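Reader: I'm new to this structure and would like to go through it slowly. Could you put it up so we can start with the pocket?

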Amino acid sequence: DVGQTSLNTQLSNKYRSNYLYNRPGFNFRINRDKYNFSVGAGLQETHLNGYLILQNFPIDRQFQMVQPALHFNYDFTEFKRLRFDYTSNMQEPTVSQLQPIINNSDPLNLTVGNPHLSPAYTHNIRSNFTFFDPSRFLNVFALFTANYTANAISNSQSVDKNLVRTTKPVNVKNSTSWSGNFSMGIPVKEWGSRFNIGPNYSGATSASLLNDISNTVTQQTLGGTARYNYTLGTVLIIDLSANLSHQQTNYSFNPQQNQVYFNKTYTAEVNVNFLKNYSFNTEMDYFVYNSITTNFHQTIPLWSMSFSRFVFNNKAGELKISGINLLNYGVSITQTATSNYLQQQTNNNLGRYLMVSFTYALNKQLNPMDGRDRGRMGGGRGMRMR
């Protein structure tokens, strides 16, 4: 009838669901002076009961899986430690992933659930080493992580002749990811300086389907940071740093579409404290974005400057005037490579502007010892009112 609406039950959704799981298990633990060790396992049983009311469609799924775990800690000394952890977990499909209802809120990008999904089973390894030499203020940190997921839940995408994309979750054989991070801080007391280096590496392999064609995507990122800090008492602090990231994404179904990025960020910052209650800060960030595949190159310099006047006891109050983005570059860049597309996004940001602010640090009144000058504008951490 004219003027009346009718409910499309094929595109509408109303459901109820109950999610119940039990996980009995055991752990065996050994404690010694320098190390402790534990091993155990649990049996997780999950029951997902749902009902799609409009479609008269029941969802009744049960999953069982053994989940072992292992933890090992070794303390060589009070300042040198090694940790190793292995855990496993089951990732059950959610109710929305199981519902065979089309979501057409975006007509060009449809999504639909898959009632035949099975849970994914993930194995996680994490190990780290820490070392600190209090006599020289030398620190070392290393971290390694790895994950393997069997029966992983991924996305299957199909594109029709009208360029409408439909996405549905499916199970694939496996996916893997791994990462390694290392950092070292080296002080040079004679120069009043400190060097920090931190290389890192990460990678991941996943599978997806595009128009029923299997595609394996491998991503590898190599990068790191380097930083130099110079301190002259509480008067002058200089920070110089570089952050590099080289990412490569390889596609098995079309190697000609492989993507390579190389992004760099260089930063220089100077803080000067003078006449007891005044502080000056200037910072320059220089961003470099490169895409070797698309021959894209963009540089963005951002320069900011501020001047502060501290007031009240223990410098609890700070009145500051700041000039942001003084070179008036009002854009930012984002580069993304996914399973089947490349995206380079340029956003418009605020151009040059001035800002006046007042900050009051409550912790400096509650804890006078926290009022000591740390050589940074605004003092240390704590509760602030602005």
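Author: By class, the lining of the largest pocket has four nonpolar, nine polar and one charged residues; Ala, Val, Leu, Ile, Met, Phe, Trp, Tyr, Cys and Pro count as nonpolar, Asp, Glu, Lys and Arg as charged, and the others, Gly among them, as polar. This is a predicted model, in which local features need pLDDT of at least 70, side-chain atom pairs count only at pLDDT 80 or more, and totals for chains, interfaces and linings use all residues. Residues are numbered from 1 along each chain as its sequence is written, and side-chain values use heavy atoms, with hydrogens and water left out.

Reader: Okay, and which element gives the largest share of that lining?

Author: That is β10, with three residues; strands are DSSP runs of E with at least two residues, numbered from the N terminus.

Reader: Switching topic, is Glu269 buried or exposed?

Author: Glu269, which lies in strand β15 (residues 259-274), counts as buried because its relative accessibility is 17%, where buried means under 20% relative accessible area, exposed over 50% and partly exposed in between, with a 1.4 Å probe and protein chains only.

Reader: And what about Phe57, where does that lie?

Author: Phe57 lies in strand β4 (residues 57-77) and counts as partly exposed because its relative accessibility is 29%. The C-alpha atoms of Phe57 and Gln99 are separated by 9.0 Å, although the two are 42 residues apart along the chain.

Reader: What does Phe57 touch, leaving aside neighbours within four places in sequence?

Author: Phe57 is then in contact (heavy atoms within 4.5 Å) with Gly50, Tyr51, Leu52, Pro100 and Pro115.

Key. Helices (H or I, at least four residues) and strands (E, at least two) are DSSP runs, numbered from the N terminus.
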